[in-house]
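Visitor: I am about to look at a protein model for the first time. Could you guide me through it by question and answer?

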Amino acid sequence: MRIFRYRQLAIVLSLASASVLAQTNEVSDLQTRNKQIATAFYEQLWNSNNTDRYADFVADRYVVHDIGDQKNLQENAVEQKDIADFFWSHGDMQVDYDYQIAEGDLVATRWRWRFEPTTFLGRWDLCPNYIPIINVFRIEDGKIVEIWNHRHDIDTGMTLRFVIKGFVFGVLLMLIPLWLLRRRWRRLALATKA
């Protein structure tokens with residue numbers, strides 16, 4: 001009788017472990033596919049100028065969580081193409097991957113974006129850049145439906161450039177009242193001489 005129970009228990013345990021193994025393989029396959037989608041997104045849009053392929057990777061509408069005020073906003077997929085096209089029209093880009101992690105429907109990629117400007121606007125406004133970025137994508141049905149974008153802009157020369165631009169703009173704004181004050185001063189000096 002005990003041997004029969006042990007055999008039943010062994011059969012139940014082997015069936016349970018086979019079920020768990022099958023589920024683990026399905027999850028592993030899903031995570032691998034999601035990683036491939038994320039990598040192909042970077043390769044096509046940011047590492048090579050194939051921005052027309054944006055619809056292969058991004059859902060028609062997706063949710064974006066970006067730095068600044070862009071939190072939990074919905075955007076059309078073409079926005080990713082427009083952003084990449086803007087940078088491609090002003091320079092050359094390259095992607096260097098550090099690592100990629102997948103869990104369920106989420107894929108996190110830590111990568112470095114390199115940009116070398118080739119136009120005047122690119123040199124003035126965008127300047128050469130090397131920015132470490134962490135993106136987290138939520139993927140459903142083979143498309144990116146949500147993006148969390150974490151750029152480490154503080155590591156770039158952009159911060160100093162913004163400080164200098166702000167200083168120059170502030171000085172120019174300060175010169176206007178000084179010019180008006182000097183003009184009034186001259187009028188007052190001429191009026192007192194007369």
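Visitor: Over how many bridges do strand β5 (residues 129-140) and β6 pair in the antiparallel sense?
Guide: This is a predicted model, in which local features need pLDDT of at least 70 and side-chain atom pairs count only at pLDDT 80 or more, while totals for chains, interfaces and linings use all residues. Residues are numbered from 1 along each chain as its sequence is written, and side-chain values use heavy atoms, with hydrogens and water left out. Two strands pair if DSSP finds at least two bridges between them. For β5 and β6, paired in the antiparallel sense, the number of bridges is eight.

Visitor: Which residue in the turn of the β5 and β6 hairpin has a positive phi?
Guide: In the pairing of these strands, R138 stands opposite E146 in β6. The hairpin leaves two residues between β5 and β6. The turn residue with a positive phi, about 50°, is D141.

Visitor: In what order do the elements of the protein chain run from the N terminus on?
Guide: Helices (H or I, at least four residues) and strands (E, at least two) are DSSP runs, numbered from the N terminus. The protein chain has four helices and six strands. From the N terminus on, their order is α-β-β-α-β-β-α-β-β-α.

Visitor: In which sense do strand β1 (residues 58-65) and strand β6 (residues 143-151) pair, parallel or antiparallel?
Guide: On one side of the comparison, β1 and strand β2 (residues 73-76) pair over four bridges in the antiparallel sense, with E75 as the bridge partner of Y62. With β6, β1 also has four bridges, and V63 has E146 as its bridge partner there. The sense in which β1 and β6 pair is parallel.

Visitor: How many of the eight residues of β1 are buried?
Guide: A residue is buried under 20% relative accessible area, exposed over 50% and partly exposed in between (1.4 Å probe, protein chains only). In the protein chain, buried residues make up 30% of the 194 residues. β1 is largely enclosed by the rest of the structure, because the number of its eight residues that are buried is six.

Visitor: How many residues apart in sequence are the parts that the pair of F87 and F115 ties together?
Guide: Rings of Phe, Tyr and Trp (its six-membered ring) pair if their centres lie within 6.5 Å; planes under 30 degrees apart count as stacked, over 60 as edge-to-face and the rest as tilted. For F87 and F115 the centres are 5.7 Å apart and the planes stand at 75°, so the pair is edge-to-face. Because F87 lies in helix α2 (residues 78-90) and F115 in strand β4 (residues 106-117), the distance in sequence between the parts tied together is 28 residues.

Visitor: How far apart are the end C-alpha atoms of α2?
Guide: The expected span of a helix is 1.5 Å times one less than its number of residues. The 13 residues of α2 should therefore span 18 Å, and this agrees with the separation of its end C-alpha atoms, which is 19 Å.

Visitor: What is the relative accessible area of F41?
Guide: F41 forms one aromatic cluster with Y42, Y97, W111 and F137. The structure holds ten aromatic pairs. One of them joins F41 and Y42 edge-to-face, with 5.6 Å centre to centre and 70° between the planes. Y42 counts as buried at 0% relative accessibility, and F41 is buried with a relative accessible area of 2%.

Visitor: Is W148 buried or partly exposed?
Guide: W148 lies in strand β6. Contact means heavy atoms within 4.5 Å; leaving aside neighbours within four places in sequence, W148 is in contact with H65, L106, I134, N135, V136 and R138. Because its relative accessible area is 25%, W148 is partly exposed.
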